[in-house]
Amino acid sequence: MAETPSRPPVQIYLVTPAIDDVAAFLPALKAALAAGEVACVLFTPVAGDDASAKKLIKEIAPVVQGAGAALLVSGWSAVVARAGADGVHLNDGRKGLTDALDSFKPERIVGAGGIRTRDDAMTIAESGVDYVMFGEPARDGRLPPLEGVVERTAWWAELFEVPCVAFAPDLAAVPLLADSGADFVALGNAVWHHEQGPAEAVALVDRLLKQREPAP
């Protein structure tokens, strides 16, 4: 009897706060990246123009990429390639997706979040994106109910091959989202505001995910 292919390990996807001072954020970022295997960092620069955004991206890119992670940028897609980032993350579902795919694929990563309906999710899955994200905070910071994120992630994992990123509102949600079929678990303030620091948060998540990997 043929063996069922083992599922790839769930990976860590870090989401930074909105940043206007990269130098001030670097100690926390470096500590987090050194504490576990981080696959990707989503960076949101706060800048008044393209030149300022490009400068911020250029400051953070060597740190992220030097740790073996991909650097994605939320917004500021016009400067992503010139600044040396690995790709772009769109926060508004289908909006801007065609232009981003035309501009960045196949050299760079294009991810999509802000997906409100299953119909939108299916359309996006067929577009050629590299991943979809469920459960991320809304613009006002509110998070959707965790139960809905788990349900959407499980539905996606059963039907689609496009990788899924599931946003964890806290560290306790990581095992639940991993077991629901997420390919990546995204973490934001649960890491940056952890009472024992970002390094301890990432180390804990790294251990939790590796405990779920099948034995060789």
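Eight strands close into a barrel, running in the order S1-S2-S3-S4-S5-S6-S7-S8 with parallel pairing. Two strands count as paired here if DSSP finds at least two bridges between them. Strands and helices themselves are DSSP runs, numbered from the N terminus: at least two residues (E) for a strand, at least four (H or I) for a helix. On average, neighbouring strands of this sheet are turned by 25° against each other, direction ignored. Angles run from 0 to 180 degrees between N-to-C directions, using axes that are lines fitted to C-alpha atoms, for helices over the stretch in contact. As background, strands of a sheet pair through backbone hydrogen bonds, in either a parallel or an antiparallel way.

A word on the source: this is a predicted model, in which local features need pLDDT of at least 70 and side-chain atom pairs count only at pLDDT 80 or more, while totals for chains, interfaces and linings use all residues. Residues are numbered from 1 along each chain as its sequence is written, and side-chain values use heavy atoms, with hydrogens and water left out.

**Strands and the helices on them**

For a look at one pair, take S2 (residues 38–45) and S3 (residues 70–74), which run parallel and share four bridges. Leu42 sits opposite Leu72 of S3. Helix H2 packs on the sheet, where it touches S1 (11–19), S2 and S3, and its direction makes about 150° with that of S3. Contact, here and below, means heavy atoms within 4.5 Å. Elsewhere, helix H6 (residues 146–159) lies across S6 and S7 (164–168), at about 155° to S6.

H2 also holds Gly66, which is exposed at 65% relative accessibility. The C-alpha atom of Gly66 is 9.7 Å from that of Leu33, a residue 33 places away along the chain. For these labels, buried means under 20% relative accessible area, exposed means over 50%, and partly exposed is in between (1.4 Å probe, protein chains only).

**The nonpolar cores**

The largest nonpolar core has 65 residues. Such a core is a set of buried Ala, Val, Leu, Ile, Met, Phe, Trp, Tyr and Cys residues joined through side-chain atoms within 4.5 Å. Leu14, Leu29, Ile60, Leu71, Val129, Trp156 and Leu187 have the most contacts inside this core. H2 gives the most to it, with seven residues. Leaving out residues up to four places away in sequence, Leu14 touches Ala32, Val38, Cys40, Val41, Leu42, Leu187, Val191, Trp192 and Val202. Another core, of 13 residues, lies apart from the largest one; among its members are Cys40, Met133, Val165 and Ala186. In soluble globular proteins generally, nonpolar side chains tend to be buried together.

**Salt bridges**

There are six salt bridges in the structure, each being a side-chain nitrogen of Lys or Arg within 4 Å of a carboxyl oxygen of Asp or Glu. Here are some of them:

| Lys | Partner | N to O distance |
|---|---|---|
| Lys55 | Glu59 | 2.6 Å |
| Lys105 | Asp130 | 2.8 Å |
| Lys210 | Asp206 | 3.1 Å |

Lys55 and Glu59 are four residues apart in helix H2 (residues 50–66), so about one helical turn separates them. Lys55 is exposed at 53%, whereas Glu59 is partly exposed at 28%.

Lys105 is partly exposed at 27%, and Asp130 is partly exposed at 25%.

Lys210 and Asp206 both lie in helix H9 (residues 198–211), four residues or about one turn apart. Lys210 is partly exposed at 37%, but Asp206 is buried at 12%. Shared partners join Glu37, Asp206 and Lys210 into one salt-bridge network. Asp206 also touches Ile12, Gly36 and Glu37, not counting residues up to four places away in sequence.

**His194**

His194 is found in the loop between helix H8 (189–192) and H9, and counts as buried at 19% relative accessibility. The His194 side chain reaches the backbone nitrogen of Gln196 at 3.0 Å. Neighbours within four places in sequence aside, His194 is in contact with Leu171, Asn189, Glu200 and Ala201.

Methods: Polar contact = N/O pair within 3.5 Å; in protein donor to acceptor, adjacent residues only side chain to side chain.
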